[in-house]
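Have the sequence and the 3D view open as you read.

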Amino acid sequence: MVLRKDFLWGGATAANQFEGGYLDGNKGLSNVDVIPAGKDRVSVMKGKMKMMECDNLHYYPSHEAVDFYHHYKEDIALLAEMGFKCFRLSIAWTRIFPNGDDATPNEEGLKFYEDVFDECLKYGIEPLVTITHFDVPMNLVRTIGSWRSRKMIDHYERLCKTIFSRYKDKVKYWLTFNEINMLLHLPFGSSGLVFEEGENEETVKYQAAHHQLVASAKATEIAHQINPEIKIGCMLAGASTYPYTCAPEDVWKAMTRDREHYFFVDIQSRGEYPNYVKKMFERMNISIKMEDGDEELLKKHTVDFVSFSYYGSRLTSADPKVNSQTAANLFPTLRNPHLKVSEWGWQIDPLGLRITLNALYDRYQKPLVIVENGLGAIDKPDKNGYIEDDDRIEYIREHIKAFKSAVEEDGVDLLGYTTWGCIDLVSSSTGEMSKRYGFIYVDKDDQGHGTLKRIKKKSFNWYKKVISSNGEELD
Ligand code: BG6
């Protein structure tokens, strides 16, 4: 058998795209709740268009999402039927601390996640929990400017202490920040940052990144104090960048592009700011405000494992004339003529997953977990409501083959694989429901209409077989 016996097969979700019940149980408002679907979505996520509260002109898909809040028992039962070993979900910060700075946590929120974890454990499913999946309490955005303020570290620390103490015997695997490098691309959508007229946005972003990195190290320290068995991971929007040609300038550009992302994990996993970043800060005239003890903390409390999302490789060129851009998880990338693309223009590259796994393992020498991967596609139910999602099966099958090769032939230490959006949920980049990733269809459309009924797709039984054979049966 290629994969370890306790391989964490499963799927992944995020509170704001899945849970709904956005004000239920005393939950407070988050940045992700004021991001509308439609044409303004990306401008709001990039922090270009200010949206500090909801208005009547837009539709906000997080508010109901697919209502896991009221369907969690039914949903977890379906995951258990597929044989899931692991379920990745995120905690909505504002369910625990509705305003972020509350003196005491909200018991209803704590109880909700406790019930969810108990439901998972009942079926032998290991919860893998993201502490923040792009969400920040709006109160902290308004009062202190979110992660631009160092005070956020204390608020995050209080959140971590609360959830680690409460769930210490129920949750072993935690991720501190989802796709931490997304802060550079979606400053509001991923970290609640909005900019003042004329300020240096790069300085604000890297200072906010420093606060998140310190907060991540603190979380690691606290978790290990509370229960030494807990494993803390970082989470990178991964994917190696290829050079467009063998021109050294292209190769150099590809390397520097990757470093923009590695920088975060270099600190979380190796424990210090790499020299190339210090030099970059000098060139950009950025000086990060650090406090005594920050560097020591970063060095001492590195992560136990490295996790990442992977949808497709990226491509870059030093030649400005080469400009055939395509979409890719909101990262700029050129269109690679050797690859097929999804209906949303995302490139499909299973071998790229093996390349990325090797790059990360060579660099960090820590266990890896692929916590997101999948095909966002339009699913059309037939007249009986059944969906034959063969393209999704093929996509996932080829990616499983690729990671098995990385384990078997290259010796990469891989702990698990959780496909993205195992139950259909709201797309993060577009706010649509029609960009579906699940093994389980949810009856809801892009305008928010539908019964929310769950229907198994063809991939449901296929993935069940994959899991029960520990990845040996892929046909
Ligand atoms: C990752 C995010 O960027 O990609 C998820 O962590 C997101 O939140 C996923 O949903 C897929 O992207 P999209 O835009 O297709 O939903």
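Which residue forms a salt bridge with Glu-64? The partner is Lys-444, and their closest N and O atoms sit 2.7 Å apart.

## Ground rules

This is a predicted model, so local features need pLDDT of at least 70 and side-chain atom pairs count only at pLDDT 80 or more, while totals for chains, interfaces and linings use all residues. Residues are numbered from 1 along each chain as its sequence is written, and side-chain values use heavy atoms, with hydrogens and water left out.

## Salt bridges

Back to that pair. A salt bridge here is a side-chain nitrogen of Lys or Arg within 4 Å of a carboxyl oxygen of Asp or Glu. Glu-64 and Lys-444 form one at 2.7 Å, and the pair links distant parts of the chain, 380 residues apart. Glu-64 comes from the loop between helix H2 (41–45) and helix H3 (68–81), and Lys-444 from the loop between strand E15 (440–442) and strand E16 (454–456). (Helices, H or I with at least four residues, and strands, E with at least two, are DSSP runs numbered from the N terminus.) Lys-444 counts as buried at 3% relative accessibility, whereas Glu-64, at 33%, counts as partly exposed. The cut-offs: buried is under 20% relative accessible area, exposed is over 50%, and partly exposed is in between, using a 1.4 Å probe and protein chains only.

The count comes to 36 salt bridges by this rule. Another one joins the side chains of Glu-409 and Arg-354 at 3.4 Å, N to O. Glu-409 lies in the loop between helix H14 (390–408) and strand E14 (414–420), and Arg-354 in helix H13 (residues 350–364), so this pair ties together parts 55 residues apart in sequence. Glu-409 counts as exposed because its relative accessibility is 54%. Salt bridges that share partners also join Asp-379, Asp-389, Arg-392, Asp-424, Arg-436 and Lys-457 into one network. Then there's Arg-4, which pairs with Asp-6 at 3.0 Å between the closest N and O atoms; Arg-4 is partly exposed, at 34% relative accessibility.

## H14 against H15

How far apart are the axes of H14 and helix H15 (residues 458–468)? They come within 9 Å and cross at roughly 20°. Axes are lines fitted to C-alpha atoms, for helices over the stretch in contact, and angles run from 0 to 180 degrees between N-to-C directions. The two helices are therefore roughly parallel to each other; angles under 35 degrees count as roughly parallel, over 145 as roughly antiparallel, 65 to 115 as roughly perpendicular, and the rest as oblique. The crossing is right-handed, meaning the near helix is turned clockwise from the far one by less than a right angle.

Contact means heavy atoms within 4.5 Å. On the H14 side it's made by Asp-390, Arg-392, Ile-393, Ile-396, Arg-397 and Ile-400, and on the H15 side by Lys-458, Ser-459, Trp-462 and Val-466. By class that's 5 nonpolar, 1 polar and 4 charged residues. Ala, Val, Leu, Ile, Met, Phe, Trp, Tyr, Cys and Pro count as nonpolar, Asp, Glu, Lys and Arg as charged, and the others, Gly among them, as polar.

## What H15 buries

The buried residues of H15 are Ser-459, Phe-460, Trp-462, Tyr-463, Val-466 and Ile-467. Their cover includes strand E1 (8–12), H3, H14, E14, E15 and E16. Ile-467 has a relative accessible area of 4%, and touches Trp-9, Met-82, Gly-83, Phe-84 and Lys-85, not counting residues up to four places away in sequence.

## Positive phi

After H15 comes Asn-470, with a positive phi near 50°. Asn-470 is buried, with a relative accessible area of 8%. Ser-146 also isn't a glycine, yet has a positive phi of about 55°. Ser-146 sits in the loop between helix H6 (138–144) and H7, and counts as buried at 0% relative accessibility.

## H5 against H7

Helix H5 (residues 107–122) and helix H7 (residues 151–167) pack at about 45°, with axes 11 Å apart. That makes H5 oblique to H7. Here too, the crossing is right-handed. H5 brings Glu-107, Gly-109, Leu-110, Lys-111, Tyr-113, Glu-114 and Phe-117 to the contact, and H7 brings Thr-162, Arg-166 and Tyr-167. Those residues split into 4 nonpolar, 2 polar and 4 charged.
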